[in-house]
Protein chains: 2
Amino acid sequence: MEAVVIRRGENSPTVAELSRPDPGPGEVLVRTLRVGVDGTDREVIAGSHGGYPEGEDFLVLGHEAVGVVAEANGTAFEEGDVVVPTVRRPPAEGPNEYFERGEPDMAPPEACVERGIDGAHGFMAEYFTSPAENLVPVPEEIAEWGFLVEPISISEKAIEHAYAARSAFDWNPDAGLVLGNGSLGLLTLAMLDQRGYDRTYCLGRRDRPDPTIDVIEDLGATYVDSRETPVSEIADAHEPMDFVYEATGYARHAFECIEALAPAGVGALLGVPEPWEFEIDGGRLHKEFVMNNKALVGSVNSNVTHFEAAVRTLGDLPAWFLDDLVTAVYELDDYEAAFADDETTIKTALQFSQI
Amino acid sequence: MEAVVIRRGENSPTVAELSRPDPGPGEVLVRTLRVGVDGTDREVIAGSHGGYPEGEDFLVLGHEAVGVVAEANGTAFEEGDVVVPTVRRPPAEGPNEYFERGEPDMAPPEACVERGIDGAHGFMAEYFTSPAENLVPVPEEIAEWGFLVEPISISEKAIEHAYAARSAFDWNPDAGLVLGNGSLGLLTLAMLDQRGYDRTYCLGRRDRPDPTIDVIEDLGATYVDSRETPVSEIADAHEPMDFVYEATGYARHAFECIEALAPAGVGALLGVPEPWEFEIDGGRLHKEFVMNNKALVGSVNSNVTHFEAAVRTLGDLPAWFLDDLVTAVYELDDYEAAFADDETTIKTALQFSQI
C-alpha cells in the first residue's frame, strides 16, 4: 500500500510503498478515507517537533484521520463503521497510569508516543491498524469531515479544562478571543459561537482580502489585526475577554493575554514555541493576575471523551463554515499540494479512498 | 472607644478616640476580642496598598478580627456569640452582582471596598459593626485563635480554585510547595498537611536558627533556602511539585513556579507585587506549560463559604502549631509592638478584650 512519509535527513514528504499492516489481537484494520494536514505536520516535516519511531529511518505522517473499518477482527466494531483514531499510544515499555485511566492526554511527553508526530507511525497510508479502544465512531453523514474530529477534540479538551478552572464560582463568559486565525483558531471560534458567546474576536496578521478574515466575519466575529492592536491593548481597544484561546505559539501571547482577560477570566494556552528570552513587566502581570482572580491553563492533546464531544460538535457546525474552512482535498497523486501553505489555504486534507 | 488608625501623611499607626458605632438595620454590634496583624497591614501603613475611606483623613486598621456579639440588634445572632467578619463590602454606589451572589471575592478591586485595607474602616477598635450576613460564627473553644480565620480563608479559596482547575481529570497531588515562610505560608503548609500531602516543602531565605524553619520542620516539611535553591531548580533538587502556593509577592516566582510544577500541576498565585520588568525565557516556559498541561490560578480575598471552611480547618490545627505560629498577643497599650517585624516574630495580634 502507499503511504506518505518523511525520511530521516529529508525536509519534504515522499510516497513510500509499505506492506499493509495486519491487525493484532484487539486491533482493527481501518481503510483510510481522509487525513488532515496541520501546522504540527509541517513542524514534523521541518524536524522542529516530534521524532521517528525507534530504529526506523522514516515516519508515516498524519494524525488527523478518518477511515472505515475494513477488518473488525473480533472487536465490537463492524466492517463499514466510520471511525476516527486518537493519537497517543503507550511508549515502548508499555501502558502506564495515564493510559490505564483513559487520560493519555495528561501524560508527560516521555510517557507516550504520538502517531504521525512522535515515535509512532501515523495514518497517511491506505490502511492503518489501531486498538479498538482508540477508535471513536463517527456518523456516516459527516464522514467526509471526519478528519476535523481530532483538531476539534484538541479544543474540546482545552475548553473543558479552562471552564473547570472557573467552576468554583458563578462564571458566565460572553466575550471570547481566539489568538490565531489558522484552521484550529477558526474551528475554535466556531465552537465559541456554538457555546453561546455574545461577542467573539479572532486575532491574526493578514491583510484583506483574506479567506480567514472572511470566515471570521461570516461567523459574526471581529477580526483583530495584531499589527494594529497588540494583545496587550485588546481589552482597551475592544473589551476585556472572559476567555482567551491561544493558538499562535507566539510566546509573548502566553503572558500578554493576562492583560486581555476580564476579571475572573481564563486563558487556554496551546502553542508550543521554541525557547525565546524576552522582557515582561512581570510585577504588573503578576499583580493583575492575582487582584482579578485570573487563570491560565496549558492544554495538549485530547482523550476519547474529547473525541466523542468533537464528533457531536462537528455534527452541529454549519455546512458553509466547513466548506469555507476546508479549502482543498487532494488525491494521493497530488500529495505535495496538501502540505503547501499560502494565503489562500486554510485547511487541506489528503484523500486515500472514498466511502 | 479606642481604635488603632493610620492617618493620611503618617507612616506609623496611632491610637485614636472614636465614638462607639451604632448598628444600623440588619447590623450587629461586635465587641472586639483580637485582631491579627499581617503583611497587608504593613503595606497599608507604608501607603503601598489600599486607601482611605472617601472623605476621611484616617483609616481604622485591621482586617483579621474575632469578636463577641454585643448587640444582636434583631438579627439571627445572640449576644455572646463569637464571630469573625469578612473583609469586602459594597462600594459607595451600593451592592453589585458579586455581592448579590455571595461572591464579593470575585469582584474586581473597583467593585468593592475592603475593611481595614481599602476604602473602609477596619476592626482594630474596641467595637465594630457589621451586617449580620458578613459575620461567620466561631466555636467559643477556638475564640482565642479566631483572628486566624481570615488568613486561613484566603488559602481555602486559593486551594479551592486551584483544585477546581484540576477537576477535569484524575488528580491526586502528593508533593506540595509553599513559596514564603511568613505566617500565611506556614498556615498553608499546615493545611497541606491536613489534606494528606505526602511531602511538603516551604521556601524562605532565612538562616538557622529561625522560628519559621522550626515550624516548617516540626510540620514534617522540608525547608528550601531560596539563596541556595532558586524556584527554577526545585524540581531537580527535590522533586516536581503537584501544587505550588505562592505567597511571596516576588514576581519572578509567579513565572518560575511553572518550572517547579510536575506534569498536570497547578500553581496558586497570591502575591501582589509592584511593577517590575525582567527577562524570562518565555518560549521555554510557554512550551513547558502547554506540553505538561500545567495551570496557574490567581486568587485574592475570600467569601463566607471560605470563612466557614476556615473555621473547620482552624479547629483541626494542632495546638502546638498555633502556639508556635502566634509569637505574641499584645494589649492595646503595647500596640506598636504588634506591628514590629523581626526575625523572632511570626504572627502577632492585638487584644482589645477577653471573652
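Predicted model: local features only at pLDDT ≥ 70, side-chain atom pairs only at ≥ 80, totals over all residues.
**Ground rules.** Residues count from 1 along each chain as its sequence is written, and chains are lettered from A with ligands numbered from 1, in the order in which they are written. Local features need pLDDT of at least 70, side-chain atom pairs count only at pLDDT 80 or more, totals for chains, interfaces and linings use all residues, and side-chain values use heavy atoms, with hydrogens and water left out.

**Entry 1: the annotated domain.** I looked up the UniProt record first: its unreviewed entry lists "domain: Glucose dehydrogenase C-terminal" at residues 143–352 of chain A. UniProt positions follow the numbering used here, feature names are shortened, and annotations may be inferred rather than shown by experiment. Over that stretch I get 40% helix and 24% strand, with the end C-alpha atoms 13 Å apart. Helices (H or I, at least four residues) and strands (E, at least two) are DSSP runs, numbered from the N terminus.

**Entry 2: how much is buried?** I find 56 residues of chain A in contact with 56 of chain B (heavy atoms within 4.5 Å). The buried area is about 4,600 Å², with 62% from carbon and sulfur atoms; that is accessible area (1.4 Å probe) lost on putting the two parts together, summed over both. On the chain A side, A:H286, A:M291 and A:N293 lose the most area to chain B, together 14% of what that side buries.

Entry 3: I count two salt bridges between the chains (a Lys or Arg side-chain nitrogen within 4 Å of an Asp or Glu carboxyl oxygen). One of the pairs I checked is A:R101 with B:D170, at 3.9 Å from N to O.

**Entry 4: which elements face chain B?** Those giving two or more residues include helix 3 (149–164), helix 7 (251–260) and strand 16 (261–269) of chain A. Helix 8 of chain A gives the most, with nine residues.

Entry 5: Strand 18 of chain A pairs with strand 18 (residues 295–298) of chain B, antiparallel, over three bridges; pairing needs at least two DSSP bridges. I noted that A:A295 has B:V297 as its bridge partner.

**Entry 6: the binding-site annotation.** UniProt's unreviewed entry puts "binding site" at positions including A:N181, A:R205, A:L270 and A:N301. The annotated positions span 121 residues of sequence and are also spread in space, up to 27.6 Å between C-alpha atoms. I located A:L270 in the loop between strand 16 and strand 17 of chain A.
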